[in-house]
Amino acid sequence: MKPIKVGLLGVGTVGAGTFNVLQRNQEEIRRRAGRGIEITMVAARNLDKARAVVGAGVEVTGDPFAVVNNPDIDIVVELIGGYELPRSLVLQAIANGKHVVTANKALLALHGNEIFAAAQDKGVTVAFEAAVAGGVPIIKALREGLTANRIASVAGIINGTTNFILSEMREKGLDFATVLKQAQELGYAEADPTFDIEGVDAAHKLTIMSAIAFGIPVQFDKAYIEGISQLQARDIRYAEQLGYRIKLLGITRRTQTESGEGIELRVHPTLIPASRLIANVEGAMNAVLVQADAVGASLYYGKGAGAEPTASSVIADLVDVTRLATVDPYCRVPHLAFQPNQMTDVAIVPMAEITTSYYLRVYVKDQLGVMADLTRILADAGISIDAVLQKEPGNQVNLDIIMLTHQTREKNIDAAIAKIETLPAVIGKVTRIRLETLS
Ligand code: NDP
Ligand code: HSE
């Protein structure tokens, strides 16, 4: 059988990684795919840089639409990143009847519904294993491996950059800016690293997993997003003393609210018991914990970013698409696991309705009765306290009071925090970090 022809858009970290792994393992990959997979044309901005990667035998162009409109190309691999240009390129590739592989979670979180509908109409596949958790085959697991299950929740460390930053800060005491620079040099960070730090990249990935796990449309605009930029070193330390690690966690789960069934979709720093496997995921590693009714808990772990780990997923998609290229479109696995006409519209619940536990740090003047005031406010709101820690951060006059609560609705804790902040002994804002036992 003739090799399948691939056009590559973007020869950066992942593009170059994909080209190199495909070259290195081409014989092994051909034996698996049933035919050769050849990158015959690439688009890049810096043509010399691209030529240095792909060599003389591959056509290099500065115009990505030349790739997408080339009738000889069977599969387009989009590794440029961003929203608008990739959206136009991917929709054009689909309109031209080409299959698409992309690692672009931003694109799919925002335009996935449109792109999957266009692909469905045209009978082509859009594959995106690399878009979530880099080299970890979590899309395959959620969409195919767990297909027998009713999935209850998906919780994951799905941004390598922030996990790397948190690990290096905790283990080596390095400062935020230094570690971020290292993450950029190692090729982990997004072109705009605020996407990593502010939790946007994790929310893109979580949105995609949520759609696949629950059979709902991708709804990035409904995700609650809080990053790690406001996290303080002393909270990481106090959490440690209480037996927890702080991770940037993406959580999506079925939940019951006062108005019926809903789905939580949220990314924020989270205390996790240090004894949990997922709490010990360090550096740029990713891990996703899935709770499902038949299989129970399963954990997926591996490199979440970087050239070759991500290339591993891009090429897995290329092999899948190659194997299925000649199959009737209706026999292929649906993009979001559920048949397109079987998606549901269960609502994403507003943050005020979610239920979780909390770490609260209140900075107070060391006055008689302050602890009693705090506990009374929480008791009045129906919030019970699990643990209390009292610390003197550097001076003898003021105190950090740290309280861990049992589960309550977010709106209850919001109301309690508002009252606490009016106490005369309380200095500044209350620090609130959500806590998940993941049991
Ligand atoms: P890079 O910035 O390293 O690479 C992007 C490439 O696209 C660059 O080589 C750039 O060219 C090229 N490019 C930009 N604009 C154009 C254009 N108009 N025409 C042609 N080429 C263009 O990004 P990454 O490889 O890190 O990321 C690519 C995608 O993969 C993103 O969607 C990212 O979110 C995703 N991803 C990245 C991971 C990682 O670990 N890095 C992991 C998982 C997903 P030039 O070099 O000339 O500027
Ligand atoms: N910037 C992303 C991360 C790349 O750090 O996880 C992988 O998607």
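This is a predicted model: local features need pLDDT of at least 70, side-chain atom pairs count only at pLDDT 80 or more; totals for chains, interfaces and linings use all residues.

Q: OK, so is the crossing of α2 and α13 left-handed or right-handed?

A: Right-handed: that's how α2 passes α13. The two axes cross at roughly 35° and come within 9 Å, with α2 covering residues 26–33 and α13 residues 307–324. Axes here are lines fitted to C-alpha atoms, for helices over the stretch in contact, and angles run from 0 to 180 degrees between N-to-C directions. Helices (H or I, at least four residues) and strands (E, at least two) are DSSP runs, numbered from the N terminus.

Q: Which residues make that contact?

A: From α2 you get Ile 29, Arg 32 and Ala 33, and from α13 Ile 315, Val 319, Thr 322 and Arg 323. Contact means heavy atoms within 4.5 Å. By class, that's four nonpolar, one polar and two charged residues.

Q: What goes in each class?

A: Ala, Val, Leu, Ile, Met, Phe, Trp, Tyr, Cys and Pro are nonpolar, Asp, Glu, Lys and Arg are charged, and the others, Gly among them, are polar.

Q: How do α14 and α15 cross?

A: At roughly 150°, with the axes of α14 (residues 370–380) and α15 (residues 410–420) coming within 9 Å. That makes α14 roughly antiparallel to α15 (over 145 degrees; under 35 is roughly parallel, 65 to 115 roughly perpendicular, the rest oblique). The crossing of α14 past α15 is right-handed. Leu 374, Ile 377 and Leu 378 of α14 meet Ala 416, Lys 419 and Ile 420 of α15, which comes to five nonpolar, no polar and one charged residues.

Q: Switching to sheets. What order do the strands of the open sheet come in?

A: The six strands run β3-β2-β1-β4-β5-β6, with parallel pairing. Two strands pair if DSSP finds at least two bridges between them. At the edges sit β3 (59–61) and β6 (126–127), each pairing on one side only. Inside the sheet, β4 and β5 (residues 99–102) share four bridges, and Val 76 is partnered with Val 100 in β5.

Q: And Val 77, is that buried or exposed?

A: Buried, because its relative accessible area is 1% (buried is under 20%, exposed over 50%, partly exposed in between, with a 1.4 Å probe and protein chains only). Val 77 lies in β4, residues 75–78. Beyond residues up to four places away in sequence, Val 77 touches Val 6, Gly 7, Leu 8, Leu 9, Val 101, Val 314 and Leu 318.

Q: How enclosed is β10?

A: Largely enclosed by the rest of the structure, because 13 of its 14 residues (260–273) are buried.

Q: What does β10 pair with?

A: Antiparallel with β9 (residues 244–257) over 14 bridges, where Arg 253 stands opposite Glu 264. A two-residue hairpin connects β9 to β10. β10 also pairs in the parallel sense with β8 (residues 224–225) over two bridges, and two bridges join β10 to β17 (residues 431–435), running parallel.

Terms used:
Residues are numbered from 1 along each chain as its sequence is written. Chains are lettered from A and ligands numbered from 1 in the order in which they are written. Side-chain values use heavy atoms; hydrogens and water are left out. A crossing is left-handed if the near helix is turned anticlockwise from the far one by less than a right angle, and right-handed if clockwise.
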